[in-house]
Amino acid sequence: MARLSVDRDFSPILNAAKSWIDRCLIGDGSIFSEQSLWTPANIEELRKAFVEMPDEGEGSFDEKFQRQLKHVSPAAQQLAAEMLWAAKLFPSNLKASTKLRPIRETWELSGLPFPANHPLVTEEVLRGIGSGGQGYNNNFWLEMRFLINLMAEFKNKFPSNRQSVIGDYDRLTNLIDRVRREENRQFRHMLRYFALPDRVERMCSTGEKWRALEGFGAAPGSNDDKSLDDALFNLRQKLQSEYPSQVLDFYGPPLRQRWIVDKEESEPAGKSASPSTQPAAAATPETPATRRYDLNHVIEELFVDDSVLYAIAGGLKRKKNVILQGPPGVGKSFAARRLAYAHLGVQDPSRVQAVQFHPSYAYEDFVQGYRPTNDGRFALQDGVFHRFCRKATAEPTRQYVFIIDEINRGNVSKIFGELMLLIEPDKRGADHAIPLTYSVDGEAFFVPENLCLIGLMNTADRSLAMIDYALRRRFLFFTLEPSFTSARFRQHLESRGAEPDLVKRIVERMTTLNRTIAADTRSLGHGYQIGHSYFCAMPGENLEDNPLDQFWFKDVVQHEIKPLLEEYWFDRPEEVRDQVARLMA
């Protein structure tokens, strides 16, 4: 049973979920009142206001959500508040007070006071089951959209006998699969757990379920929801016979250390939970090569939409060569290394190599050539990429990633030479080996199949040449954008001590500046916008000596943003003065 952890009983939350299911899903009632709120008509009104009319303006999710609800009926506004409650019930990586605030504010749009003393909004109920991860928070609007669409489908498809759907795993899963969703929405896992806690584990991501099964050697041949849930159910039955007298939880001993190696590994699809929800694992020697890492970790660490990250990860597997492009400060280098680790499946720096191209960089540095020796002679030496390929070839079952920073600052045609052919995904391996420019005695070279390339391009460097069309054809291109409006960016600043007013000021003023830069198509344009990383405190930075306050903000503007603007508008100093004044005001 997934109703218990080693030191917690989830009964208060599961009882609350059952009350919601009985009153609102099977019936058309309400969580917080005696009204009929979860009716097909109210759900349709909410669907039209939120799903069909997305708010693409500025502001947080909560601000935009309330704007979208401004003109709907009081009943639909109260329904929206109860849907927020349902969507926030599972995650444990949000405080109860943080969950409750938007629920209360949304309810009170209807003009009625929120029942603050209701038994379903206590600390015990809103404590959560497991972490939803930062991806759930960052894309909460998509989770709400999925929930609304799912409820519309469910209520209209099954006007009666709804219990037979909610209480049957296969029928509930078929219903969920019929509802259109962007990427892998996590709420579908949460709903199945709440409806069937004796059948479904408390894991709210596909990746987390797969990792657990893989750790126990029980991964199925497919990663669809039913295959994973079936495999986990069977695994639990087997483990229960091994530990007949113990409460079994995949996130606590004795199971945790059998599939989570890193002691800091996250709870379901997310960040580390509190000690009470995630017991410590037995001590395990930790090395970079054993620290598991996947796309869920990337989603947590970056401010990039998870659909973009899924596309990059998929492109890296399929094409083997990708380029991340974008303006300065969007975190291309940071993203590249984390995407590399996700591709490897572990944080293993020994299997990731990085170089930076520049105008003097040559084929001899990269591939092979004659280099001076200590005795004043020249000798044939392999370049950095040649050596890395040899290393990857020696371990054909393990993945390797080579990162090229500022790839378009060098003469890529001359640097790559024969590699223009060999890096193609269908020209990898020994069968496609060819002699290099400096090969001796017909020695042939190839790029192994287990090596991927990630190139990085700064779209705002005026000195850069256009990427060679032949090289461009061999790479997939992905653009990283400034993420000032990302909820994760706001949370990053606030978690490091920045006051909400300062965070709002940064977001609004940098967004306005970027609009001005993008609109200046004569001199600049979209590729010259300024990224968010100028305002990101680095791990390990002493925030006591350097707090994220107004003085820090002005220092960043004066010594980092202003010099960049002076380069952008080198012939328009008055524009620089005006923009800096607006930032500092």
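**Helix H23 and its setting**

Tutor: The chain has 585 residues, and a compact globule of that length would have a radius of gyration near 25 Å; the value here is 27 Å, which agrees. The model is a predicted one. Along the principal axes, the C-alpha atoms fill a box of roughly 90 × 70 × 45 Å. The chain holds 24 helices and nine strands. Of its 585 residues, 53% count as buried. The chain exposes about 25,600 Å², with carbon and sulfur atoms supplying 50% of that area. Taking contacts between residues at least 6 apart in sequence, 68% join residues at least 24 apart.

The part to examine is helix H23, which covers residues 550-568. Its 19 residues reach 25 Å from the first C-alpha to the last, close to the 27 Å expected at 1.5 Å a residue. The helix has a kink of about 35° at isoleucine 561, shortly before proline 563.

At the N-terminal end of H23, the cap is aspartate 549. One of its side-chain oxygens lies 3.1 Å from the backbone nitrogen of phenylalanine 551.

Next comes the question of which residues of H23 are buried. They are Trp552, Phe553, Val556, Val557, Ile561, Leu564, Leu565 and Tyr568.

H22 has 20 residues and spans 29 Å between its first and last C-alpha atoms, close to the 28 Å expected at 1.5 Å a residue. Its buried residues are Leu502, Val503, Arg505, Ile506, Val507, Met510, Thr511, Leu513, Asn514 and Ile517. These buried residues of H22 pack against H21, H23 and H24.

Phenylalanine 233 lies in helix H12, and its C-alpha atom is separated by 44 Å from that of proline 500, 267 residues away along the chain. Phenylalanine 233 counts as partly exposed because its relative accessibility is 28%. Leaving aside neighbours within four places in sequence, phenylalanine 233 is in contact with Asp198 and Arg199.

Helix H10, at residues 187-195, is mostly covered, and nine of its nine residues are buried. The list runs Phe187, Arg188, His189, Met190, Leu191, Arg192, Tyr193, Phe194 and Ala195, so it includes arginines and a histidine.Tyrosine 400 lies in strand E5 and is buried, with a relative accessible area of 1%. Tyrosine 400 and arginine 351 are 49 residues apart in sequence and 5.0 Å apart in space, C-alpha to C-alpha. Leaving aside neighbours within four places in sequence, the contacts of tyrosine 400 include Leu344, Arg351, Phe388 and Cys452.

Glutamate 406 is in the loop between strand E5 (400-405) and helix H18 (412-416). Its phi is near 50°, a positive value in a residue other than glycine. Glutamate 406 is buried, with a relative accessible area of 17%. Asparagine 161 also has a positive phi, of about 55°, although it is not a glycine. Asparagine 161 lies in the loop between helix H7 (140-157) and helix H8 (163-166), and with a relative accessible area of 55% this residue is exposed.

Glycine 27 is in the loop between helix H1 (11-26) and helix H2 (40-51). The C-alpha atoms of glycine 27 and serine 160 are separated by 8.9 Å, and the two residues are 133 apart along the chain. Beyond neighbours within four places in sequence, glycine 27 is in contact with Ile21, Asp22, Trp38, Lys155 and Arg162.

The bond from proline 253 to proline 254 is cis, with omega near 5°, and proline 254 lies in the loop between helix H12 (225-242) and helix H13 (295-301).

Definitions and conventions. Residues numbered from 1 in each chain as written. Predicted model: local features only at pLDDT ≥ 70, side-chain atom pairs only at ≥ 80, totals over all residues. Heavy atoms only, no water. Helix = DSSP H or I, 4+ residues; strand = E, 2+ residues; numbered from the N terminus. Expected span 1.5 Å × (residues − 1). Bend = angle between axes of the 7 residues up to and from the residue. Buried < 20%, exposed > 50% of the residue type's maximum accessible area, 1.4 Å probe, protein only. Polar contact = N/O pair within 3.5 Å; in protein donor to acceptor, adjacent residues only side chain to side chain. Rg over C-alpha atoms; globule rule 2.2 N^0.38 Å. Contact = heavy atoms within 4.5 Å. Areas by Shrake-Rupley, 256 points an atom, 1.4 Å probe, with all protein chains shown as cover.
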